[in-house]
Amino acid sequence: MKPVKILSVDDEQDLELLLTQYFRREIRKEEYQFFFAHNGLEALTLLLREKDIDIILSDINMPEMDGLTLLTKVNELQNPALKCIMVSAYGDMNNIRSAMNNGAFDFATKPIDLDDLSVTIKKAIEQIEYIKQSQEEHSQLESLKTDLAVAGEIQQAILPRIFPPFPENEKELDLAAMMTPAKDVGGDFYDFFRIDDDHIGLVIADVSGKGVPAAIFMAVSRTLIRTIALQGYEPGICLTKSNDLLCKESIESMFVTVFYAIYNIRTGEIDYCNGGHNSPVILKANGQVEMMPMSTNCLVGTVDGWQYTSAKTQLGVGDTLMMYTDGVNEAFNVDYQEYGDDRMLQLMRQHNGDDCRTLIEAQMNDVKAFAGDAPQSDDITIMALKRKA
């Protein structure tokens, strides 16, 4: 542990001997380290050299630069962990009061009662330790905030962000997606990738929990699902294999809800598996809006050995598949009212026929307008695919 550094500023030469004699035990044990100056100018020069002085014990009445002026200069350093104890004659209460009003920690009167001064120094040390601990915690918090901001940028960067994602198929399909985390980092994710010339994979998922643990589990889940899917497995087998791996690696009972679909660009057929995720919605070209059947599969990462089953559906020309996480339908406003499926479906009916990006932005804006001043309680992720031909 470093010694407490004390700077004594006084034009009386015998004070140096007095202090070093009285605090000899603390000096010998390297608990205190004393420095001495004889006026304010010397003190400022020494402060420039010894930047980690903890306590200044300063006389008020000194030549060249008095203690009050020195106190003003010390205040300009803006170091709350540097404490000043002012010393003056017993009857010099006006100057002592001025010193206290200008930020001095405490004062002592001459002739100095060294026992009382020792207690005052210990009180100052307690304050200094508290301030330094607070400064360290603040620094750690700022560092953590910076790390979280970078982590959020990295997380957003790993999600596909180039639209349209398949320009060679722009005549056949429209695809867009958007994710807004509730915190710096989130647990939702979406993904899409080409499997072969005629098929693309679509994934939307929601990891349990929030913040950094969810973000890490999200990255692992996305990588596993994409790696297995790109091997050409049908959706049920893909989630079965992903589930087995995640069950072995799951920490603190974390899990992920997943909707994984393989879309046939030529026919509009969708082969999909829903692992406990929200039921997507199909916006028909004829104006109808239909919610797909609820999932009969369990959450991914919870039951080792679960066999996930696939199902099929069909998109006609002009139909849109709308996928979302529960941050949409389970958003709350300041009155704790839930946005709900009905509002969501009504919004989709109003924007049926729009391109995917317009549809997603309309849905996002409607949820935000409904929530108002209520804080966003969950990540919001939406992905939409429209068959154009």
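I started with strand β3, residues 55–59, in this predicted model. I asked how many of its five residues are buried. I found that five of the five are, so β3 is largely enclosed by the rest of the structure.

Next I checked which way the β3 residues point. Ile 55, Leu 57 and Asp 59 point one way. Ile 56 and Ser 58 point the other way. I noted that all of them are buried.

Then I looked up the strands paired with β3. Strand β1, residues 4–9, is joined to β3 by four bridges, and the two run parallel. Strand β4, residues 83–89, is joined to β3 by five bridges, and this pair also runs parallel. I followed Leu 57 in both directions. Leu 57 is the bridge partner of Ser 8, and Leu 57 stands opposite Ile 85 in β4.

I moved on to helix α10, residues 340–350, and helix α11, residues 356–371. Their axes come within 10 Å and cross at roughly 140°. Angles over 145 degrees would count as roughly antiparallel. The two helices are therefore oblique to each other. I wrote down the handedness of the crossing as right-handed.

Which residues meet here? From α10 I listed Arg 343, Met 344, Leu 347 and Met 348. From α11 I listed Ala 362, Gln 363, Asp 366 and Phe 370. By class, this contact has five nonpolar, one polar and two charged residues.

Note on methods: Residues numbered from 1 in each chain as written. Predicted model: local features only at pLDDT ≥ 70, side-chain atom pairs only at ≥ 80, totals over all residues. Heavy atoms only, no water. Axes fitted to C-alpha atoms, helices over the stretch in contact; angles between N-to-C directions. Parallel < 35°, antiparallel > 145°, perpendicular 65-115°, else oblique. Left-handed = near helix turned anticlockwise from the far one by under 90°. Contact = heavy atoms within 4.5 Å. Nonpolar A, V, L, I, M, F, W, Y, C, P; charged D, E, K, R; others polar. Buried < 20%, exposed > 50% of the residue type's maximum accessible area, 1.4 Å probe, protein only. Pairing = 2+ DSSP bridges.
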